[in-house]
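We will walk through the model stop by stop, and each stop tells you what to select next.

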Amino acid sequence: MEAETRAPEVPRVKLGSKKLEVSRLGLGCFQLTGLFKAPLSDEEGIAVIKQAFDRGITFFDTADRYGPHKTEILIGKALKQLPREKVRVASKFGIVKLECGVLKTNGKPECVGACCEASLDRLGVEYIDLYYQYRVGLTVRIEDNVSTELCIICFLISSYRFSKDNLEHTILHIRGANLAAKHGCNPAQPALAWLLHHRKDVVPIPGNQKFSFS
């Protein structure tokens, strides 16, 4: 009889001063509702989330703009089939609309509170484990964002990908693509391997419509 194939155990790490424990690898759920591909059905999306959980992933990332709103609703449905106390949900706010290819942001405290309440309702939960700003605007101070009723909040800035200051990271991206081609794997795989090996303070949250450790 062949030995049963078991998924590798996913270690846990603790985030921030609140020591929020999450799996060392998360799952970005934006693709489940079709950001760049055709959306999965609810049954298919829930199956992906449950499969990831069964493989040891406890950290699931979404945002109110994904879908929009559909990904939070999908995760909420999946949570009804999972032990909530063992799952860590992250969601994001800050983008209110897209006009002529330009993202419009709103980080005012009253908007933060309203967005949080709406996300709680869509997710069908009483709390969101990690709630953070998707894009940081220039009109509201970070201190004013944090003053809202949030326990843990992080700020994501990703507009400098190809700037001069980020040249080294761009070069690493190109090298990673070349390495993937050399070994016949997906470019994301060496990138994730490098992060998991070299950066103990980073929790990658790759997004896809299927989940596999292969």
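**Stop 1: the open sheet**

Select the four strands in the order E3-E4-E5-E8, which form an open sheet with parallel pairing. Strands (E, at least two residues) and helices (H or I, at least four) are DSSP runs, numbered from the N terminus, and two strands pair if DSSP finds at least two bridges between them. At the edges stand E3 and E8 (130-133); each has a single partner strand, so one side of each is left without a neighbour in the sheet. Strands of a sheet pair through backbone hydrogen bonds, either parallel or antiparallel.

This is a predicted model, in which local features need pLDDT of at least 70 and side-chain atom pairs count only at pLDDT 80 or more, while totals for chains, interfaces and linings use all residues. Residues are numbered from 1 along each chain as its sequence is written, and side-chain values use heavy atoms, with hydrogens and water left out.

Now look at E5 (residues 88-93) beside E8: the two run parallel and are joined by four bridges. Select alanine 90 and you will find leucine 130 of E8 opposite.

**Stop 2**

What kind of aromatic pair do phenylalanine 93 and tyrosine 131 form? The pair is stacked, with 5.0 Å centre to centre and 25° between the planes. (Rings of Phe, Tyr and Trp, the last by its six-membered ring, pair if their centres lie within 6.5 Å; planes under 30 degrees apart count as stacked, over 60 as edge-to-face and the rest as tilted.) Phenylalanine 93 is in strand E5 and tyrosine 131 in strand E8, so the pair links distant parts of the chain, 38 residues apart. Phenylalanine 93 is buried at a relative accessible area of 0%, and tyrosine 131 is buried too, at 3%. (Buried means under 20% relative accessible area, exposed over 50%, partly exposed in between, using a 1.4 Å probe and protein chains only.)

**Stop 3: the cores**

Next, select Leu27, Ile49, Ile57, Phe60, Val87 and Tyr131: they have the most contacts inside the largest nonpolar core, which has 29 residues. (A nonpolar core is a set of buried Ala, Val, Leu, Ile, Met, Phe, Trp, Tyr and Cys residues joined through side-chain atoms within 4.5 Å.) H1 (42-54), H2 (70-79), E5 and H3 (109-123) each supply at least two residues of this core, and H3 gives the most, with six. A second, separate core has eight residues, including Val13, Phe59, Leu130 and Tyr132.

**Stop 4: helix H2**

Colour H2 by itself. Seven of its 10 residues are buried, so H2 is largely enclosed by the rest of the structure. The buried ones are Thr71, Glu72, Leu74, Ile75, Gly76, Ala78 and Leu79.

**Stop 5**

Move to the loop between strand E4 (59-61) and H2, where you will find proline 68. Is the peptide bond from glycine 67 to proline 68 cis or trans? This bond is cis, with omega near -15°. Histidine 69 lies in this loop too, and its phi is positive, near 75°. Most residues other than glycine have a negative phi, and most peptide bonds are trans. Histidine 69 is partly exposed, at 36% relative accessibility.

Tyrosine 66 is buried, at 9%.

**Stop 6**

Finally, select E1 (residues 12-15) and E2, which pair in the antiparallel sense over four bridges. Leucine 15 has leucine 20 as its bridge partner in E2. Four residues lie between the strands of this hairpin, where glycine 16 takes a positive phi near 65°.

Arginine 24 sits in the loop between E2 (20-23) and E3 (27-28), and it is buried at 6% relative accessibility. A polar atom of its side chain lies 2.4 Å from the backbone oxygen of valine 202, and one lies 3.3 Å from the backbone oxygen of leucine 196.

Key. A polar contact is a pair of N or O atoms within 3.5 Å; within protein, one must be able to donate a hydrogen and the other to accept it, and residues adjacent in sequence count only if both atoms are side-chain atoms.
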